[in-house]
Amino acid sequence: MRIYIYTHSSFAKFQKTTKMSVPSSSFSPFFFLLLFLQCSELSNGNPNSTVNQLSIDFYSKSCPQLEQFVSSVTAQQFRQSPVSGPATIRLFFHDCFVEGCDASILLSSKPGSTVEAEKDAYDNKNLAVEAYDSVKKAKELVESKCPGVVSCADILALAARDFVHLAGGPYYPVKKGRRDGRVSIASGVKPNLPRANSTIDELLKLFASKGLSQADLVALSGAHTIGFSHCDQFVSRLYDFHGTKKPDPYIDPRLLKALQMSCPHFGGNVDVVAPFDVTTPFAFDHMYYGNLEAKLGLLATDQGLFLDPRTRPLVQALGKDKAQFFQAFSLGMEKMGSIEVKLGNQGEIRRDCNKTL
Ligand code: HEM
């Protein structure tokens with residue numbers, strides 16, 4: 001087993017020297033059929049669901065080439081800086097969980113205002129700048145082709161999907177029609193996001209409050225098959241787990257040693273990051289779940305999904321079956337992407353994603 005630990009600068013060097021394989025197509029038409037059927041069942045079964053009101057062909061007249069415009073930018077960003085991928089997927093998650101998927105996370109705090117925007121909340125400080133850049137560049141291109149038509153919220157949803165696929169994950173259809181929000185308040189962030197040391201009970205409750213099931217929690221956590229975490233998010237597992245003065249017993253000893261070398265108990269380099277998936281850190285695959293069975297989870301919440309009897313069976317199932325993971329993840333993203341969306345004449349279509357009209 002090879003264990004990868006990086007600082008951001010060594011990772012940047014790695015990107016330049018490593019070829020990352022990007023499959024052109026990972027899915028059969030059967031998968032899409034299944035996905036559509038399940039999504040329509042899902043929304044028909046829930047009268048409050050807004051999934052029905054978003055649509056695949058929302059911009060078919062007003063901006064028919066939208067998806068090509070966005071994908072030309074995401075492909076270039078991914079080539080130049082692969083960290084854009086995980087960063088944008090996480091940005092989408094943080095947007096949807098706070099005030100719904102309305103690009104409120106992209107708004108900047110207003111100069112002179114006493115109310116900070118979501119972007120400046122503590123829990124969003126370590127969202128990588130590459131994610132904001134990707135959406136900004138995609139929006140600029142889209143604005144130059146279809147001015148004033150496409151929301152930042154839809155561009156973020158499309159960019160997140162593109163990056164999943166560019167990293168080797170599924171290419172799932174994205175429904176569109178989200179409007180951009182006008183409200184972004186930093187104090188709304190903490191209560192709506194999970195923490196690295198949340199219990200599984202807390203995660204289940206939080207996800208349920210967003211209309212997401214236990215299965216969605218397990219499937220969406222699979223996004224941690226790519227990307228990195230800073231030491232401060234898991235250091236409490238390495239030395240003094242829950243005040244025991246011992247490490248978390250559910251960490252493989254070799255991983256523990258490697259993490260301890262990079263992340264000292266006190267006073268470490270704040271820029272050091274470790275990959276979530278220590279076996280295939282750059283591939284969007286189902287190894288994340290196999291790792292959890294082998295005590296190779298990075299965050300307590302990741303490892304917790306295997307330890308908790310409610311979520312373990314699905315972790316085991318997804319660890320055995322990549323196609324099942326891709327299907328469950330795609331459905332989860334569709335559901336997450338419809339949380340509290342603004343539709344019709346709600347909200348606005350921003351010209352610049354950083355500021356309201
Ligand atoms: C289930 C509860 C979750 C918890 C507790 C959690 C927590 C975290 C933490 C602590 C980090 C590392 C941040 C840093 O140190 O820079 C992270 C990164 C990440 N998260 Fe999650 N997360 C959760 C669910 C999700 C979901 C649902 C998604 C998307 C569908 C997601 C996508 C990501 C990605 C892609 C990264 C890597 C970001 C990067 O490398 O720039 N996470 N998450």
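**Entry 1: His242**

I started with His242, which is exposed, with a relative accessible area of 71% (buried means under 20%, exposed over 50%, and partly exposed in between, with a 1.4 Å probe and protein chains only). His242 is not a glycine, yet I found a positive phi of about 50° there. I placed His242 in the loop between β2 and α9 (253-262); helices (H or I, at least four residues) and strands (E, at least two) are DSSP runs, numbered from the N terminus.

A note to myself on the source: this is a predicted model, where local features need pLDDT of at least 70 and side-chain atom pairs count only at pLDDT 80 or more, while totals for chains, interfaces and linings use all residues. Residues are numbered from 1 along each chain as its sequence is written, and side-chain values use heavy atoms, with hydrogens and water left out.

**Entry 2: Ala103**

Next I looked up Ala103, another non-glycine with a positive phi, about 60°. I found Ala103 in the loop between α4 and α5. Is Ala103 buried or exposed? Its relative accessibility is 0%, so Ala103 counts as buried.

**Entry 3: the whole chain**

I noted 13 helices and 3 strands in the chain. Of its 357 residues, 52% count as buried. Taking contacts (heavy atoms within 4.5 Å) between residues at least 6 apart in sequence, I saw that 77% join residues at least 24 apart.

**Entry 4: α4 against α5**

I then turned to helix α4 (residues 84-97) and helix α5 (residues 129-145), whose axes come within 7 Å and cross at roughly 80°. The axes are lines fitted to C-alpha atoms, for helices over the stretch in contact, and angles run from 0 to 180 degrees between N-to-C directions. The two helices are therefore roughly perpendicular to each other (that label covers 65 to 115 degrees). On the α4 side I listed Ser84, Ala87, Thr88 and Leu91, and on the α5 side Glu130, Ala131, Tyr132, Ser134 and Val135.

**Entry 5: nonpolar cores**

A nonpolar core here is a set of buried Ala, Val, Leu, Ile, Met, Phe, Trp, Tyr and Cys residues joined through side-chain atoms within 4.5 Å. Which members of the largest core touch the most other members? Of its 74 residues, I found these to be Leu91, Phe92, Phe97, Leu106, Met333 and Met336. Helix α6 (residues 152-166) gives the most to this core, with 11 residues. I followed up Met333: leaving aside neighbours within four places in sequence, Met333 is in contact with Ile89, Phe92, Ala160, Tyr172 and Leu220.

I wrote down the buried ones as Asp216, Leu217, Val218, Ala219, Leu220 and Ser221. They pack against α7 (200-209), α10 (287-293), α11 (300-307), α12 (312-320) and α13 (322-336).

From α7 I picked Leu203, which counts as buried at 5% relative accessibility. Beyond neighbours within four places in sequence, Leu203 is in contact with Pro194, Ser198, Leu217 and Thr301. I checked Leu203 and Thr301: they are 98 residues apart in sequence and 8.4 Å apart in space, C-alpha to C-alpha.

**Entry 6: the iron**

Which protein residue is a donor to the iron atom of the ligand? I found a single one, His224 (NE2), 2.1 Å away; donors are N, O and S atoms within 2.8 Å of the metal (3.2 Å for Na, K and Ca), and water is not among the atoms, so sites may look incomplete. His224 sits in the loop between α8 (214-221) and β2 (228-230).

Terms used
Parallel < 35°, antiparallel > 145°, perpendicular 65-115°, else oblique.
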